[in-house]
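Q: I have a two-chain model to read. Could you walk me through its features one by one?

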Amino acid sequence: MTEFTPFASLFGGALIGLSAVLLMAFNGRIAGMTGIVAGIIPPLETGWMWRAAFLAGAILAPALLVGAFGDTVGFDSPTPVAWLIAGGIIVGIGVQFGSGCTSGHGICGIARLSPRSIVATLTFMASTAATVFVIRHVLGGL
Amino acid sequence: MRKIAFPALFGLLFGTGIAISGMANPAKVLNFFDFAGTWDPSLAFVMAGALAVTAIGYRLVFRRKAPLFEDRFHLPASNRIDANLLGGSALFGIGWGITGFCPGGSIPALGLGEPDALIFVAAMMLGILLARTLRRAAATRVTA
C-alpha cells in the first residue's frame, strides 16, 4: 500500500509543469527526460551542456529536500535486481524508438495537443497497466 | 553561461516536483497502475497539475516569436504515427510496468542515493544506446 497524496501530487505536478514552461520560454526546449538523457550519452552533440545542467539540477533537488526537511521523499523499489536491469534496458529501447516518455509525450506533447504524443501516451499507459496486471494478478509477483 | 545556468534551475524545479509528487517512488507508481489491487490514484493528480500548468504556460510562451535565449523554438518536426512510435511506446510501458521507474522519475531518484535507481538508470542508458545504434544502422542501410 502507498498513501493517497492528492495535494502533494497536484502541487508536485504543477512544479513539473512550471519547469517545462520555463525551459520552453528561455531555452526553447521540450522538457522530455528521454531526449535530455539521450543527449548526454556519447557521441556528444551540441546542446549536451544545458542537458547535463538540467539533469544535475533534477538529481540535486531530492537530495536538498531530504537535507532540509529530513526523510520526506518516499522511496520503495519492490523489483528484484535482475528484473530491474531487464526493465531498464526495455525502457531505454522503448523510449528511444518511441521518441519520448511520460515527461516529453505525456506532459509537453499533450499540452501542445500533439497527436503523436497523445497516441504514444495512451499506448504506454495501457501497456504499463497491462504489464502490472499480468505481473501482480496472473503471475503473482516477480 | 545563462543558457546553462538557467536549465540547472529548471532541473531543480523538475526534480523537486517529481520528489514531492511521488513520481520518484516506484511502489507508488506501480500502485497507480494496479486498478485491480492496491490502487493509489495520486499519479492522476500529478498529470493533472503538470498538464494544467504546461498547457496554459505554453499558450503564453508561444505568443512570442522565439524563446529568450535562442532564435527559435525547438519542436519535434514529425507528425507520423508509425510503428516506431507505437512499438516503442508499448515497449516502454512494459519496462515501466516491471520496474515502476520511468526516465523522469528515475533521474531525480538518483539524488536519494538509492542503489536501485542507479541500477535502473544505467540499464536504461544502455537501452537508449542500443536502440540508437540500431536505428542509425537501419538509417544508413536505407540511404546507402
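A: Start with residues 83–111 of chain B: this span is 86% helix and 0% strand, and its end C-alpha atoms are 35 Å apart. Helices (H or I, at least four residues) and strands (E, at least two) are DSSP runs, numbered from the N terminus. The model is predicted: local features need pLDDT of at least 70, side-chain atom pairs count only at pLDDT 80 or more, and totals for chains, interfaces and linings use all residues. Residues are numbered from 1 along each chain as its sequence is written, while chains are lettered from A and ligands numbered from 1 in the order in which they are written.

Q: Which residues of chain B does UniProt annotate as "transmembrane region"?

A: The unreviewed entry covers residues 42–62, 83–111 and 117–134 of chain B. UniProt positions follow the numbering used here, feature names are shortened, and annotations may be inferred rather than shown by experiment. Residues 117–134 of chain B are 100% helix and 0% strand, with end C-alpha atoms 26 Å apart.

Q: Where does UniProt place this feature in chain A?

A: The unreviewed entry gives residues 6–27, 48–69, 81–98 and 118–139 of chain A. Residues 6–27 of chain A are 100% helix and 0% strand, and their end C-alpha atoms lie 31 Å apart. Residues 81–98 of chain A are also 100% helix and 0% strand, with an end-to-end C-alpha distance of 25 Å.

Q: How many residues of chain B are in contact with chain A?

A: Contact means that two C-beta atoms, placed from the backbone, lie within 7 Å. Here, 101 residues of chain B are in contact with 99 residues of chain A. H1(B) gives the largest share of the chain B side, 18 residues. That side divides into 63 nonpolar, 29 polar and nine charged residues. Ala, Val, Leu, Ile, Met, Phe, Trp, Tyr, Cys and Pro count as nonpolar, Asp, Glu, Lys and Arg as charged, and the others, Gly among them, as polar.

Q: Is A:Ser99 buried or exposed?

A: Buried means 20 or more other C-beta atoms within 10 Å of a residue's own, exposed 12 or fewer, partly exposed in between; C-beta atoms are placed from the backbone. A:Ser99 is buried, because 22 other C-beta atoms lie within 10 Å. Its phi is near 60°, a positive value in a residue other than glycine. A:Ser99 sits in the loop between helix H4 (81–98) and helix H5 (102–111) of chain A.

Q: What is the phi of A:Leu113?

A: Phi of A:Leu113 is near 55°, again positive in a residue other than glycine. A:Leu113 counts as exposed, with 10 C-beta neighbours inside 10 Å.
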